[in-house]
Amino acid sequence: RSNKEQEIVNNTDSIIVSTYHELEILIQHHQVNSSKVNVIPPGVDLSLFNAVNKDHAIKQLGLGKRPIIIYVGRIDPIKGLPVLIESMRYLKSNKNPKLLIIGDNSVRNDTTKLSLDLIHKYKLEENVTFTGTIEQTKLPLYYSAASLCIIPSHYESFGLVALEAMACKTTVIGTKVPGLESIIQDRKNGILVDVNSPLKLASAIEELLTNNELNFQIAENGYNKSRNMTWDSFAFETSKIYDSLIN
């Protein structure tokens, strides 16, 4: 694979990457000339991902009055779901949040098994629910109903889920990995915690569930951030690169 990647780099006039971290990797591992690399972050579809009134979203989904936390993504080792499940055992507030895990849990891999084992071990059956896959058109309802969207990944190349949640005015807690750090400014438009740290993740969840003013302000800042990171802007910047190559 590395040889093929090097061949592509050597024979390409222009390269588009999502983050400056990816640019650094290209320079470090493939000695690419940075002048032919363009950093253009992906975007969010604002025609789909928009805030819905929280009470309306909760009613539409039939969710009760408990605060909702959501996880959206593959159930895969790199996504860190067991860390999030374990963090639920450390929550001490009387808010009693409900965690919805949105993703395909039909494949019984090691991460699915570990997640289910942790739920059983810590008696979290009433606090954690696997929803399975959800149609993309319904995701804005889930984002809008949630008080928090958690991305506990060990690695993210970008973090599109964070942008989708931000566009729906939902506060994001993510991990300190390059893809998420390219989107989230800690304690401004989201919260960043150490990778693989259930206690620190639980502490961040507690703080935001008990500090409505902070949660609201971060959600507003995240929403404003999402306005400037759209597929339209990505397409426009990409078209300029094509024009420069043609002309």
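Student: What makes Leu-100 in β4 the bridge partner of Ile-70, and how do you know that β3 and β4 pair?

Tutor: In β4, Leu-100 is the bridge partner of Ile-70. Two strands pair if DSSP finds at least two bridges between them. β3 and β4 have 5 bridges, in the parallel sense, so they pair. Strands here are DSSP runs of E, at least two residues; helices are runs of H or I, at least four; both are numbered from the N terminus. This is a predicted model: local features need pLDDT of at least 70, side-chain atom pairs count only at pLDDT 80 or more, and totals for chains, interfaces and linings use all residues. Residues are numbered from 1 along each chain as its sequence is written, and side-chain values use heavy atoms, leaving out hydrogens and water.

Student: Why is the crossover from β3 through α4 to β4 called right-handed?

Tutor: Point the strands away from the viewer. A path from the first strand over the helix to the second that runs clockwise is right-handed. The chain crosses from β3 through α4 to β4 in that sense. β4, helix α5 (residues 110-121) and β5 also make a right-handed β-α-β unit.

Student: What makes β4 mostly covered?

Tutor: Buried means under 20% relative accessible area, exposed over 50%, partly exposed in between (1.4 Å probe, protein chains only). In β4, 5 of its 5 residues are buried. Lys-98, Leu-100 and Ile-102 lie on one side, Leu-99 and Ile-101 on the other.

Student: Which strands does β4 join to β5 with, and how many bridges are there?

Tutor: 4 bridges join β4 to β5, which run parallel. Ile-101 stands opposite Phe-130 in β5.
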